Amino acid sequence: MSELICERRDRIGKQAAKQLRRKGMIPGIYYCRGEEPVPIAVAEKQLRAVLQGEANIVDVKLDGKAAKCIVREVQFDPLRDVPVHVDLMGVHMDQKVSLMVPVRLVGVPEGVKVGGGILQQVLREVEVEALPGNLPEHIEIDVSKLGIGESIHVRDIALEGAQILTDPTLSVATVTAPTVVREVEAAVAEAPAAEEAEAAPEGEQEQQ
């Protein structure tokens, strides 16, 4: 399980946040049901290490106390791709929470191996509700049996001890026909229209 050592922030505002970032610290907020939100700061290196891992539950130390948390949201600078703010949500192990969980595709579809199709991942994460201890770090989906034109939907995912909140009708992954085949089909469909367009002027000349 990952760990974050947090410091309480006495100063808030844009200027104070900029000063923290220059020191390698990221401003944030810690909140938990039934408690007052606490402005915090965490070391950027520690935060990046947590984000690179897959642990859903993070051990947070604040004011000498330990708490179980979820990294609820991280805001990034769009130009430099560095974290600028983090939201930590405290959790109780006996109370359900919802979280976006990454989806990983496993295997090579039959439609790709045999038919030259293209595997497309439509959803890269789904929302899952469960007790903190039952939250999966990621969800693996076997796509090896998919043929061309076939898909796996959210409703096809089975999780033990957890419920998926994402729309069950949404596609997670699909295998489409090869690009070359689609281009040939399009060309064949356009050919009659092109022939009619070329023949039209001749017909008009005959009527004159």
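1. By class, the residues lining the largest pocket are nine nonpolar, three polar and seven charged. Here Ala, Val, Leu, Ile, Met, Phe, Trp, Tyr, Cys and Pro count as nonpolar, Asp, Glu, Lys and Arg as charged, and the others, Gly among them, as polar. The model is a predicted one, in which local features need pLDDT of at least 70 and side-chain atom pairs count only at pLDDT 80 or more, while totals for chains, interfaces and linings use all residues. Residues are numbered from 1 along each chain as its sequence is written, and side-chain values use heavy atoms, with hydrogens and water left out.

2. The largest pocket has a volume of about 500 Å³. Its lining has 19 residues, and Asn56, Val71, Leu99, Met100 and Pro102 lie nearest the centre. Helix 2 (44-52), strand 5 (65-76), strand 7 (97-106) and strand 9 (125-130) are the elements that give two or more residues to this lining. On terms, a pocket is an open set of points on a 1 Å grid over the protein atoms alone, where a 1.4 Å probe fits, with protein on both sides within 12 Å along at least five of seven lines; lining residues have an atom within 4 Å of a point. Grid points are joined across faces, edges and corners, and a volume is the space filled by probe spheres set on the points. Helices (H or I, at least four residues) and strands (E, at least two) are DSSP runs, numbered from the N terminus.

3. The second largest pocket has a volume of about 190 Å³. Arg8, Tyr30, Glu35, Glu36, Val38, Val60, Leu62, Asp63, Lys65, Ala66 and Ala67 line this pocket. By class, six of the lining residues are nonpolar, none is polar and five are charged. Strand 4 (58-62) and strand 5 each supply at least two residues of the lining, and strand 5 gives the most, with three.

4. Strand 5 also holds Lys68. Is Lys68 buried, partly exposed or exposed? Lys68 counts as partly exposed because its relative accessibility is 31%; buried means under 20% relative accessible area, exposed over 50%, and partly exposed in between (1.4 Å probe, protein chains only). Lys68 and Leu88 are 20 residues apart in sequence, and their C-alpha atoms are 9.6 Å apart in space.

5. Strands 7 and 9, named above for the largest pocket, belong to an open sheet of four strands in the order 10-7-9-12, with mixed pairing. Strand 10 (139-142) and strand 12 (162-164) are the edge strands, each pairing on one side only. On average, neighbouring strands of this sheet are turned by 40° against each other, direction ignored; axes are lines fitted to C-alpha atoms, for helices over the stretch in contact, and angles run from 0 to 180 degrees between N-to-C directions. Three bridges join strand 9 to strand 12 in the antiparallel sense, and Val128 has Ile164 in strand 12 as its bridge partner. Two strands pair if DSSP finds at least two bridges between them.

6. A further open sheet has three strands in the order 8-13-11, with antiparallel pairing. Its edge strands, strand 8 (118-121) and strand 11 (151-153), each pair on one side only. Neighbouring strands here are turned by 10° against each other on average, direction ignored. Strand 8 pairs with strand 13 (residues 171-176) in the antiparallel sense over four bridges, and Gln121 has Ala173 in strand 13 as its bridge partner.

7. Strand 3 (residues 38-43) pairs with strand 1 (residues 2-8) in the antiparallel sense over three bridges. Strand 3 is also joined to strand 2 (residues 25-31) by six bridges, and these two strands run antiparallel. Ile29 stands opposite Pro39 in strand 3. The hairpin of strand 2 and strand 3 has six residues between the strands, and Gly34 in this hairpin takes a positive phi near 85°.

8. How many disulfides does a search of the whole structure find? The search finds zero, a disulfide being a pair of cysteine sulfur atoms within 2.5 Å. For Cys6, the nearest cysteine sulfur is that of Cys69, 7.1 Å away. Cys6 counts as buried because its relative accessibility is 7%, and its bridge partner in strand 3 is Val42. Cys32 is buried, with a relative accessible area of 7%.
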